[in-house]
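Student: I am new to this structure and would like a close look at one part of it. Please start with the whole chain, then take me in step by step.

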Amino acid sequence: MGQALWRLPPRQQQQLQEQLADHLADRQRQEERWGSSRPQHHGKPHRGFIDLEMLPPELGITILSYLNATDLCLAGCVWQDLGHDEYLWQGLCKSTWGHCSIYNRRLPAGFSYRRLYLQLDEGSLTFNANYQEGISYFMSKGIIVDHPKELAKFIFYTRRLNWKMLRIYLDERRDVLDELVTLHNFSNQFLPNALREFFRHIHAPEERGEYLETLITKFSHRFCACNQVLVRDLGLSPDAVYVLCYSLILLSIDLSSPHVKNKMSKREFIRNTRRAAHNVSDDFVGHLYDNIYLIGHVAA
C-alpha cells in the first residue's frame with residue numbers, strides 16, 4: 001500500500017466518513033432483516049469487501065488514493081471508472097516525480113495521467129540503465145525540456161533515479177549541477193546536518209578528486225549564502241567552510257571505518273582543524289566533532 005496521494009479537506013472527509021458509517025449501518029439492518037430467510041451457514045461467517053461502486057464517488061476515490069500504481073491497476077480491473085480516475089493518477093505522478101515541465105504546460109486533448117505515469121516509469125528505468133538514453137526519452141515525450149533549471153528541478157524532486165548514473169550525469173552537466181545546488185536551502189542548519197542533506201541529493205564520489213572538490217566548493221558558497229548572519233557572527237567564509245567540510249569528511253571516515261584502530265579524539269580534531277581554519281572557535285569545532293560522533297558519517 002502506498003501513501004495517501006490525494007486528500008480532501010478535513011470537513012469533507014468527516015462528511016464522507018459519516019456517509020460511510022450510515023451506509024454500513026443501513027446495510028447491517030438489511031442483513032438483520034433478511035437474515036432469517038437466508039440459508040444458515042455453520043462455521044466462520046464470510047465477510048466480503050465493500051463494493052466501492054456502491055459508495056459515493058468521492059469516498060471511493062479517497063479509499064483508492066491509498067494505493068500504489070500496481071494496486072491501482074489491479075483495482076481498475078474491478079472498478080474501471082474509479083481505477084482510471086485522472087485525479088488518482090495525477091497524484092501518483094506528482095508524488096513520485098515532483099516536477100516535470102509538462103505539468104506547467106497546457107495539456108492537449110486526450111491527455112492521460114495514467115499514460116504519463118507509465119512514460120515516467122519507463123523513462124526512469126531507462127535512465128537507471130543509461131542516463132543519456134533516459135534523458136533523451138524524457139525529452140522526446142515532452143516530459144522535460146532541455147534547460148538546466150528544468151532538469152535540475154526534475155532531478156531534485158525525483159527519487160526514482162539511480163544515484164550512480166545521476167552522479168555521472170551531473171559530472172558532465174555542470175550547468176545542471178549549478179542549478180541543482182541553488183535549489184537547496186540550508187538556512188539555520190548546523191553545518192554537518194546541511195552537508196548530510198546535500199549529499200543525500202547529490203551523492204559524493206567514492207574517491208577524492210576534482211568532482212568532490214567541486215561539490216564541496218559549491219556547497220560552501222551555498223551554505224554561506226543561506227546563513228549570512230551566522231557566517232558573519234562566527235567569522236566564517238566560503239574558504240573556511242570548505243576546510244571544515246573536508247575535516248568533517250575525514251573525521252567521518254576515521255570514526256566509522258573499522259580499519260582505523262586509533263580513533264581521532266575531540267582534542268586532536270580541534271587542534272588539526274584550527275591549524276587550517278584560524279578564525280573558528282574551539283567550541284564550534286568541538287560541536288562539529290560531537291555531531292559526527294553521535295549521528296555518524298556526513299556522506300553515508
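Student: Among contacts between residues at least 6 apart in sequence, what percentage join residues at least 24 apart? After that, please look closely at the part around P192: what does P192 touch?

Tutor: Keep in mind that this is a predicted model. Of the contacts between residues at least 6 apart in sequence, 63% join residues at least 24 apart. The protein has 16 helices and zero strands. It has 300 residues, and 41% of them are buried.

Now to P192. Find helix 11, which covers residues 191-201; P192 is in it. P192 has a relative accessibility of 0%. The cut-off for buried is under 20%, so P192 counts as buried. Leaving out residues up to four places away in sequence, P192 touches L248, L288, N291, I292 and V298. Take L248 from that list. L248 is 56 residues from P192 along the chain, yet their C-alpha atoms are separated by 7.3 Å.

Next, follow the contact to N291. N291 belongs to helix 16, residues 282-295. Its relative accessible area is 9%, so N291 is buried too. The side chain of N291 makes a polar contact of 3.3 Å with the side chain of N193. Beyond its neighbours within four places in sequence, N291 is in contact with F190, P192, N193, R196 and G296.

S252 lies in helix 14, residues 238-256. With a relative accessible area of 1%, S252 is buried. A polar atom of its side chain lies 3.3 Å from the backbone nitrogen of V298.

The largest nonpolar core has 69 residues, and L120, L170 and F219 have the most contacts inside it. F219 touches L191, A194, L195 and F198, among others. Helix 11 runs over residues 191-201. Further contacts of F219 include F186, V241 and C245.

One is helix 8, residues 148-156, where seven of nine residues are buried. They are P148, E150, L151, A152, F154, I155 and F156. Their cover includes helix 6, helix 7, helix 9, helix 10 and helix 11.

Another is helix 9. Its buried residues are M165, L166, R167, Y169 and L170. They pack against helix 6, helix 7, helix 8, helix 10, helix 11 and helix 12. At the start of helix 9, a side-chain oxygen of N162 comes within 2.9 Å of the backbone nitrogen of K164.

Finish with how helix 9 meets helix 7. Helix 7 (residues 131-140) and helix 9 (residues 163-172) pack at about 80 degrees, with axes 10 Å apart. That angle makes the two helices roughly perpendicular. On one side are Y131, Q132 and I135 of helix 7; on the other are M165, I168, Y169 and E172 of helix 9. Five residues of this contact are nonpolar, one is polar and one is charged.

Back to the starting point. N291 has a polar contact with N193, while the backbone nitrogen of V298 lies 3.3 Å from a polar side-chain atom of S252.

Notes. Residues numbered from 1 in each chain as written. Predicted model: local features only at pLDDT ≥ 70, side-chain atom pairs only at ≥ 80, totals over all residues. Heavy atoms only, no water. Core = buried A, V, L, I, M, F, W, Y, C linked by side-chain atoms within 4.5 Å. Buried < 20%, exposed > 50% of the residue type's maximum accessible area, 1.4 Å probe, protein only. Contact = heavy atoms within 4.5 Å. Helix = DSSP H or I, 4+ residues; strand = E, 2+ residues; numbered from the N terminus. Axes fitted to C-alpha atoms, helices over the stretch in contact; angles between N-to-C directions. Parallel < 35°, antiparallel > 145°, perpendicular 65-115°, else oblique. Nonpolar A, V, L, I, M, F, W, Y, C, P; charged D, E, K, R; others polar. Polar contact = N/O pair within 3.5 Å; in protein donor to acceptor, adjacent residues only side chain to side chain.
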